[in-house]
Amino acid sequence: MPRIPVKLVTWDEIVEWSWGLAEKIMDDGYIPDVIIAIARGGYVPARLLCDFLGVENLLSIQSQHWTEAAKKDERALIKFEYHINLSGYKALLVDDIIDTGESVILARDFIKKYWSPKELRTATLQWISPVAKIKPDYYYLEVKEWIWFQYPWTRLEDVTQFIKRIIETEFKNNARVQWNEKELEEAFYEWYGITVDKKYITKAINMLIRKGILRSENGILRYVTQ
Ligand code: ADP
């Protein structure tokens, strides 16, 4: 059993889910004049919805809550608070997933207050209903048990953070500082239960070396403790 429930999401699934979401919006008769992507998770679904719904106007707002994969940061905030005038526009706010819902609530309230669209609706590919503080106007999949969705656009970032967590925990619990790539690959599978292209493990290790978290000595990887 993996220690953290993770589902690997493929690009094909993203396209399929975005089609499903677009159809729900179309069936409801909502025709947005502008789509607003919540950065960063909403970018790909928002761009696909522009294509599938035939919408030309695409804007973005950065609402940030989670700073590390499957780990929650304390607060959500709007980065780069710019003000524009959307009066007369019917808008659709798009994100990948509603987990707590805080990022979407924050972005929605900010847009309503400072951008004044004629109408604003929300759409996400997924909605984790038991933990979410809001239900989006449109969603494609309802998730009934919390899980970390490893989306294709954050593969390297997630794999890097997941490996970092393994190394830190093993150091804390067993004072382990030494690894090789194969051991990390095996631990990754054991912890998260997903198989990623080996290239991501290698690139994640390189990233941790660049960040000074690991040091490579003749194929041996050492955790650099502070
Ligand atoms: P919201 O619930 O409004 O999406 P959160 O603050 O909970 O706001 O999450 C913000 C972002 O963090 C999401 O848009 C997504 O990119 C990422 N995220 C949160 N929960 C998950 C999850 N369970 N799986 C994958 N990504 C997630």
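Mentor: A salt bridge here is a side-chain nitrogen of Lys or Arg within 4 Å of a carboxyl oxygen of Asp or Glu. This is a predicted model, in which local features need pLDDT of at least 70 and side-chain atom pairs count only at pLDDT 80 or more, while totals for chains, interfaces and linings use all residues. Residues are numbered from 1 along each chain as its sequence is written, and side-chain values use heavy atoms, with hydrogens and water left out.

Trainee: How many salt bridges does the structure hold?

Mentor: The structure holds 13. In one of them, the side chains of aspartate 28 and arginine 121 meet at 3.2 Å, N to O. Aspartate 28 is in helix α1 and arginine 121 in strand β6, so this pair ties together parts 93 residues apart in sequence. Helices (H or I, at least four residues) and strands (E, at least two) are DSSP runs, numbered from the N terminus.

Trainee: Which residues form a salt bridge with glutamate 157?

Mentor: Arginine 40 does, with the closest N and O atoms 3.0 Å apart. Glutamate 157 lies in helix α4 (residues 155-174) and arginine 40 in the loop between β2 and α2, so the pair ties together parts that are 117 residues apart in sequence. Glutamate 157 is partly exposed at 32%, whereas arginine 40 is exposed at 55%. As for shared partners, salt bridges join Asp28, Glu119 and Arg121 into one network.

Trainee: Switching to β6. What is glutamine 126 doing in there?

Mentor: Glutamine 126 sits in strand β6, residues 119-128. At 1% relative accessibility, glutamine 126 counts as buried. Its side chain makes a polar contact with the side chain of tyrosine 151, at 2.6 Å. A polar contact is a pair of N or O atoms within 3.5 Å; within protein, one must be able to donate a hydrogen and the other to accept it, and residues adjacent in sequence count only if both atoms are side-chain atoms.

Trainee: And the rest of the strand, how many of its residues are buried?

Mentor: Eight of the 10 residues of β6 are buried, so the strand is largely enclosed by the rest of the structure.

Trainee: Which strands pair with β6?

Mentor: Strand β5 (residues 90-98) is joined to β6 by eight bridges and runs parallel to it. The chain goes from β5 through helix α3 (residues 102-114) to β6 in a right-handed β-α-β crossover. Right-handed means that, with the strands pointing away from the viewer, the path from the first strand over the helix to the second runs clockwise. Strand β7 (residues 138-143) also pairs with β6 in the parallel sense, over five bridges. Two strands pair if DSSP finds at least two bridges between them.

Trainee: Which residues stand opposite each other there?

Mentor: Isoleucine 97 is opposite glutamine 126, and isoleucine 128 is opposite valine 143 in β7.

Conventions:
Buried < 20%, exposed > 50% of the residue type's maximum accessible area, 1.4 Å probe, protein only.
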